[in-house]
Amino acid sequence: MDTTHMTLAELQRLLQARELSAKDLLSEHLMRIDNVDHDVKAFLRLTPDLAKEQAATADRALKAGEAGPLAGIPLAVKDVLCVKGVETTAGSQILRGFKAPYTGTAVGRLFEAGAVMVGVTNCDEFAMGSSTENSSYFPTHNPWALDRVPGGSSGGSASAVAAGEAVVSLGTDTGGSIRQPAALCGVVGMKPTYGRVSRYGLIAFASSLDQIGPFTRSVEDCAIVLEAMAGRDPLDATSSDRPNDVRRDFDAGVKGMKLGVPREYYDVDGIEPGVKAAIDKALDVLRGAGAEIVDVTLPHTDYGLAAYYILAPAECSSNLARFDGVKYGMSDQEATNITDAYMNSRRHGFGTEVRRRVMLGTYALSSGYYDAYYLKAQKVRTLIKRDFDTAFEKCDAIVSATSPTVAFPIGSKTKDPLAMYLCDVLTLGGNLAGLPGISVPCGLSEGLPVGLQVLAPQWREDVALRVARAYEVASGVKVEVAPL
Amino acid sequence: MRHVALLARLGLEPGDEEFYAEQLSGILAHIDRLQQVDTDDIPPTAQVVEIVNQLREDEPRPGLSQYEVLANAPVAYDGYFRVPSIQEEA
């Protein structure tokens with residue numbers, strides 16, 4: 001029995017039957033990390049002391065029959081989510097050494113549910129990127145092909161689950177940063193509806209787009225983790241008090257459901273033939289399971305990337321103003337006036353992509369350009385949202401590829417920012433419209449994982465999970481741990 | 001470039017001006033396609049869900065101590081964050 005290859009649901013049964021202890025489960029994972037992470041490099045830092053303490057607590061709760069749904073489950077956390085006393089750097093030099101003074105809500109709720117945090121995972125600096133190559137520490141490698149990227153920005157969290165280093169992990173998704181690495185690493189990843197999960201304790205990138213979500217080895221695991229962290233939080237005014245019903249009708253199947261295939265997504269520029277073939281096969285599986293596949297259209301798809309690359313950098317340029325070298329982080333102590341201190345601290349602390357986006361966002365918001373860029377992009381955002389509203393009148397959920405390509409070689413897109421941005425062309429619409437979206441593995445192309453994306457109307461995580469679950473059952477495609 | 005960098009309080013390295021000017025022009029060339037969309041009667045969207053001005057009760061609750069707040073400070077002095085002079089010399 002190799003516990004590093006099992007799902008949360010399987011481990012939950014073993015732990016609750018007392019056939020396995022949280023302590024042993026943890027040591028097997030720490031050993032696995034020790035064996036494979038020098039190749040994968042999913043983790044920026046490990047938290048074994050915290051993990052041992054949490055495993056002991058979980059074992060006591062299991063023994064007392066008071067265990068939460070994640071009791072004893074090894075969890076990895078993206079380096080943008082604050083955990084009290086743990087170094088949290090957003091993959092950036094500007095926060096090197098920063099120890100969060102409090103734990104954010106999503107992580108805190110998983111801790112309350114019994115999770116055991118094994119470490120902090122690598123990501124693109126401030127979650128800006130699609131390959132984890134923008135981490136200021138080192139790139140993470142795809143566990144299925146070590147010379148390739150794991151996707152990003154939550155690449156460390158995706159690869160930790162794919163490599164058997166953690167059973168579940170948390171990422172954040174602003175334009176596709178959970179779903180795209182999930183697809184490229186062959187695991188399940190979900191971005192909830194904007195407002196479903198509290199963002200308190202998340203180092204903000206683009207506040208109207210960011211959401212926290214899980215990476216797991218099954219759709220059921222995804223539902224368990226999401227349910228444990230969802231719901232209203234007084235510390236995040238954008239969190240919703242809607243009922244936490246994400247697992248409603250989970251196993252009801254897709255018979256009689258209408259699944260929309262947007263032609264703009266199906267034939268998106270640059271989609272690889274192998275990816276398209278895997279999606280065709282997945283559509284056949286869903287059809288075979290009783291779903292009706294219908295054509296829908298999202299006419300403003302071509303403008304999504306442009307709108308996103310105004311709105312996200314604009315929000316980031318504002319959010320990242322707080323990194324000024326005064327309250328925390330890298331600080332220039334040589335400057336003789338405050339402006340130079342700011343400018344030098346930020347020059348040394350931020351990497352190339354972050355500086356590029358801060359410049360772009362500042363420009364878009366600057367006097368004289370606001371109407372042409374920011375306001376225009378906000379109006380186009382309205383049209384994109386309306387496209388989805390119209391499409392959902394004709395279908396229950398939308399299905400497409402998650403990423404137009406499989407994992408690409410490390411270094412192959414770093415010189416061309418626009419090519420890198422195009423990685424998110426099928427996912428960022430979900431962020432602009434605030435929709436829940438899940439990526440599930442749907443086979444291989446050229447030996448590398450392909451992801452099927454399911455997008456549902458706002459607050460209908462239950463629909464996205466139900467379709468993904470139905471696909472998982474009907475296809476028999478199981479998440480595998482990479483043989484490292 | 002220099003004006004935007006100053007607005008962003010972002011120091012530039014030698015060569016950065018040309019580097020960012022070139023890259024940002026490429027990105028802005030893509031972004032210019034937004035001008036093709038007719039948005040005359042379209043309201044802007046700042047956030048997409050129905051939640052509006054959801055406020056919590058204005059009740060005092062414990063916060064971080066001064067010690068905790070200053071724990072990550074590059075330089076703390078006498079309970080304050082220390083910064084260079086914010087006024088020009090006379």
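A salt bridge is a side-chain nitrogen of Lys or Arg within 4 Å of a carboxyl oxygen of Asp or Glu. The model is predicted, so local features need pLDDT of at least 70 and side-chain atom pairs count only at pLDDT 80 or more, while totals for chains, interfaces and linings use all residues. Residues are numbered from 1 along each chain as its sequence is written, chains are lettered from A and ligands numbered from 1 in the order in which they are written, and side-chain values use heavy atoms, leaving out hydrogens and water.

One such bridge joins the side chains of A:Lys385 and A:Asp389, at 3.4 Å from N to O. Both residues lie in helix α13 (residues 371–391) of chain A, four residues apart, about one turn of the helix; helices here are DSSP runs of H or I with at least four residues, strands runs of E with at least two, numbered from the N terminus. A:Lys385 is buried at 19% relative accessibility, whereas A:Asp389 is partly exposed at 39% (buried is under 20% relative accessible area, exposed over 50%, partly exposed in between, with a 1.4 Å probe and protein chains only).

Other bridges cross between chains. A:Arg242 and B:Glu50 meet at 2.9 Å, N to O. A:Arg242 lies in the loop between α7 (219–229) and β7 (258–262) of chain A and B:Glu50 in the loop between α2 (16–31) and α3 (66–70) of chain B, so this pair joins two chains.

Over all chains the count of salt bridges is 24. Chain A itself has 16 helices and eleven strands, and 68% of its 484 residues count as buried.
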